[in-house]
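Subject: Structure handover

Hello,

Here is the structure for you to look at. Please open it first, then read my notes below.

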Amino acid sequence: MNYFPLLLNIDYKTVVVVGGGPVARQKVEALLPTKANIVVVSPMITEELAEYVEQQLVKWKKKGFEPHDLDDAALVFAVTNSKEVNDMVEEATQHWQLLSRADAKGRVDFINPAVVRRGDFILTVSTSGASPRFTRQVKSELAQQYGDYYEQYVAFLGQARQQILAKFDGEQKKQLLIDLLEPQLLEWVKEGRLDDCEKWLQQRLGE
Ligand SMILES: C[C@@]1(CC(=O)O)C2=NC(=C\c3[nH]c(c(CCC(=O)O)c3CC(=O)O)Cc3[nH]c(c(CC(=O)O)c3CCC(=O)O)/C=C3\N/C(=C\2)[C@@H](CCC(=O)O)[C@]3(C)CC(=O)O)/[C@H]1CCC(=O)O
Ligand SMILES: NC(=O)c1ccc[n+]([C@@H]2O[C@H](COP(=O)([O-])OP(=O)(O)OC[C@H]3O[C@@H](n4cnc5c(N)ncnc54)[C@H](O)[C@@H]3O)[C@@H](O)[C@H]2O)c1
């Protein structure tokens, strides 16, 4: 299958997760950094999910799945341990709703990559379902390679780029955007020397 990779804005959209086991927890945790309206439908949920419900990060419908549970859903996760229930969810999913099945059976509108988040810097990994374990291994390698400081680094790049775009165009703009990837800046961020990055930028901007 040739999947099409996307980064979706699902803020304020309803996402229904059917099932409440460890796999449901994993999907919910991937959703938590967004502002999606997360609804879990399951007679039982894990302790971690119960904590999210307690903190009002997630709504819980404590019951078996019924088709009307999908009424407002933009995304649907069928992640129960029963093929029959996942089939029921699939049947109830309208053509305009996107369905993900953790058992990778039947209709699969999307699959979930492993994700390393460093603020706006997002690394995603997939084997298109060939080996979720290898996906996880590569994710761990990337997480090591790209430490937490990449969040500040990409935040700096983002605001510096905006300042450059506001002030320059043509060749000058192009050259400054190239200069911005100067390895020294990454080193400074790594050492916590954000002031030096800012000085470097102001000098380039002629301020
Ligand atoms: C990336 C990640 C994100 C996430 O879960 O959201 C994810 N699986 C993860 C881990 C993982 N999953 C499994 C194991 C046990 C080892 C093994 O079986 O290999 C481990 C490893 C572990 O947990 O250590 C078992 C498993 N997974 C699927 C099936 C069904 C099947 O393939 O038939 C079975 C067999 C179930 C059974 O035996 O019954 C299916 C899918 N799993 C996917 C995603 C999609 C394609 C991913 C890709 O592109 O490769 C896809 C197709 C659908 C989907 O769920 O979207 C997450 C990384 C977590 C992280 O970030 O660390
Ligand atoms: N994609 C992945 O990453 C991945 C990893 C491992 C397993 N899997 C697949 O995901 C499935 C779920 O894994 P798990 O470890 O979370 O299973 P689990 O057995 O721990 O949890 C199943 C959940 O489904 C709920 N459930 C059962 N009947 C229901 C119904 N009628 N309506 C709503 N909820 C119902 C149960 O209450 C339970 O919370 C596995 O069976 C396997 O097929 C996928």
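A backbone N or O atom of glycine 21 sits 3.2 Å from an oxygen atom of ligand 2. Please keep in mind that this is a predicted model.

Ligand 2 first. Proline 22 also has a polar backbone atom 3.2 Å from an oxygen atom of this ligand. Phenylalanine 65 reaches a nitrogen atom of ligand 2 instead, with a backbone N or O atom at 3.0 Å. On its own, ligand 2 exposes 870 Å², and the protein buries 64% of that.

Now ligand 1. This ligand has 20 residues around it. The closest are Asn112, Ser126, Thr127, Thr135 and Arg136.

- Lysine 27 places a polar side-chain atom 2.8 Å from an oxygen atom of ligand 1.
- Threonine 135 has a side-chain N or O atom 2.8 Å from an oxygen atom of ligand 1.

Taken alone, ligand 1 exposes 1,100 Å², of which the protein buries 66%.

Where is threonine 135 placed? It lies in helix H4, which covers residues 132–145. Is threonine 135 buried or exposed? Its relative accessibility is 7%. Buried means under 20%, so threonine 135 counts as buried. Leaving aside residues up to four places away in sequence, threonine 135 touches Ala114, Val125, Ser126 and Thr127. Ser126 and Thr127 are also among the residues closest to ligand 1.

One note from the records. An unreviewed UniProt entry places the feature "domain: Siroheme synthase central" at residues 125–145. In the model, that span is 67% helix and 5% strand. The C-alpha atoms at the ends of residues 125–145 are 14 Å apart.

At ligand 2, look at the backbone of glycine 21, 3.2 Å from a ligand oxygen atom.

Best wishes

Methods: Residues are numbered from 1 along each chain as its sequence is written. Chains are lettered from A and ligands numbered from 1 in the order in which they are written. This is a predicted model: local features need pLDDT of at least 70, side-chain atom pairs count only at pLDDT 80 or more; totals for chains, interfaces and linings use all residues. Side-chain values use heavy atoms; hydrogens and water are left out. A polar contact is a pair of N or O atoms within 3.5 Å; within protein, one must be able to donate a hydrogen and the other to accept it, and residues adjacent in sequence count only if both atoms are side-chain atoms. Accessible areas come from the Shrake-Rupley method with a 1.4 Å probe; for residues, only the protein chains shown count as cover. Helices (H or I, at least four residues) and strands (E, at least two) are DSSP runs, numbered from the N terminus. Buried means under 20% relative accessible area, exposed over 50%, partly exposed in between (1.4 Å probe, protein chains only). Contact means heavy atoms within 4.5 Å. UniProt positions are given in the numbering used here, feature names are shortened, and annotations may be inferred rather than shown by experiment. A residue is near a molecule or strand if one of its heavy atoms lies within 4 Å of it.
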